[in-house]
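Work through the exercises below with the model open. Try each task before reading its solution.

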Amino acid sequence: QVQLVESGGGSVQAGGSLRLSCAVSGYTYSVYYMECMAWFRQAPGKEREGVAVIYTSGGSTYYADSAEGRFTISLDDAKNMMLLQMNSLKPEDTAMYYCAADPRACGARWWLYAYKYWGQGTLVTVSS
């Protein structure tokens, strides 16, 4: 049974930084079992949206316009985790952040239903 567990959320002031982690667990499963991994977020009253995507084989990364230049998605092989480094945070970044993963190739990488596995989310609050 694959599980994704996020951590690292919290409250910061605008301009601050946070690093989110997504741990992949389950018998024999590792981040490289997942071909496509991503971070999504959902702000109150809004739809869930993609923030960043990483192709685990090859390491290609993709970012939403709102995250480009401020956020960095990466893999920590040793810890079997996916990371999201978030810098220069803005109040509009306030949301629940979700880790998503799928063992198939990244097709429609910004489409929620392209991902089979989801974490429970970690809350990020940015104050002005």
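A salt bridge here is a side-chain nitrogen of Lys or Arg within 4 Å of a carboxyl oxygen of Asp or Glu. The model is predicted.

**Exercise 1. Apply the cut-off to R104 and D102.**

Solution. 
- Step 1. Take the N to O distance between the side chains of R104 and D102: 2.7 Å.
- Step 2. Compare it with the limit, which is within 4 Å. The side chains of R104 and D102 meet in a salt bridge.
- Step 3. Check the burial of D102. Its relative accessible area is 1%. Buried means under 20%, so D102 is buried.
- Step 4. The rule gives 4 salt bridges.

**Exercise 2. Which residues are linked with D93 in a network of salt bridges?**

Solution. 
- Step 1. Start with R41. D93 forms a salt bridge with R41, and their closest N and O atoms are 2.9 Å apart. D93 lies in the loop between β8 (81-86) and β9 (95-102), while R41 is in strand β4 (residues 36-42), so the pair ties together parts 52 residues apart in sequence.
- Step 2. Check burial at both ends. D93 has 1% relative accessibility and therefore counts as buried. R41, at 6%, also counts as buried.
- Step 3. Go on to R70. The side chains of R70 and D93 meet in a salt bridge at 2.7 Å, N to O. R70 sits in the loop between β6 (61-63) and β7, and D93 in the loop between β8 and β9. This pair links distant parts of the chain, 23 residues apart. R70 is buried, as is D93.
- Step 4. R41, E49, R70 and D93 are linked by salt bridges.

**Exercise 3. Classify the ring pairs Y55 with Y62 and Y115 with W118.**

Solution. 
- Step 1. Recall the angle limits. Planes under 30 degrees apart are stacked, those over 60 are edge-to-face, and the rest are tilted.
- Step 2. Take Y55 and Y62. Their centres are 5.2 Å apart and their planes make 45 degrees, so the pair is tilted. Y55, at 17% relative accessibility, counts as buried. Y62, at 27%, counts as partly exposed.
- Step 3. Take Y115 and W118. The centre to centre distance is 6.2 Å, with 75 degrees between the planes. The pair is edge-to-face. Y115 counts as buried at 5% relative accessibility. W118 is partly exposed, at 25%.
- Step 4. F40, Y115 and W118 form one aromatic cluster. The model has 5 aromatic pairs by this rule.

**Exercise 4. Which charged end sits over the ring of Y62, and which residue lies over the face of Y98?**

Solution. 
- Step 1. Look at Y62. The charged end of R109 sits over its ring, 3.6 Å from the centre.
- Step 2. Look at Y98. R48 lies over the face of Y98, at 3.7 Å from the ring centre.

**Exercise 5. Give the strand order of the open sheet of 4 strands, and name its edge strands.**

Solution. 
- Step 1. Read across the sheet. The order is β1-β3-β8-β7, with antiparallel pairing.
- Step 2. Find the edges. β1 (3-7) and β7 (71-76) each pair on one side only.
- Step 3. Inspect one pairing. β1 and β3 (residues 18-25) pair in the antiparallel sense over 5 bridges. E6 stands opposite C22 in β3.

Key:
Residues are numbered from 1 along each chain as its sequence is written. This is a predicted model: local features need pLDDT of at least 70, side-chain atom pairs count only at pLDDT 80 or more; totals for chains, interfaces and linings use all residues. Side-chain values use heavy atoms; hydrogens and water are left out. Two strands pair if DSSP finds at least two bridges between them. Helices (H or I, at least four residues) and strands (E, at least two) are DSSP runs, numbered from the N terminus. Buried means under 20% relative accessible area, exposed over 50%, partly exposed in between (1.4 Å probe, protein chains only). Rings of Phe, Tyr and Trp (its six-membered ring) pair if their centres lie within 6.5 Å; planes under 30 degrees apart count as stacked, over 60 as edge-to-face and the rest as tilted. A charge sits over a ring if NZ of Lys or CZ of Arg is within 6 Å of the ring centre and within 35 degrees of the ring normal.
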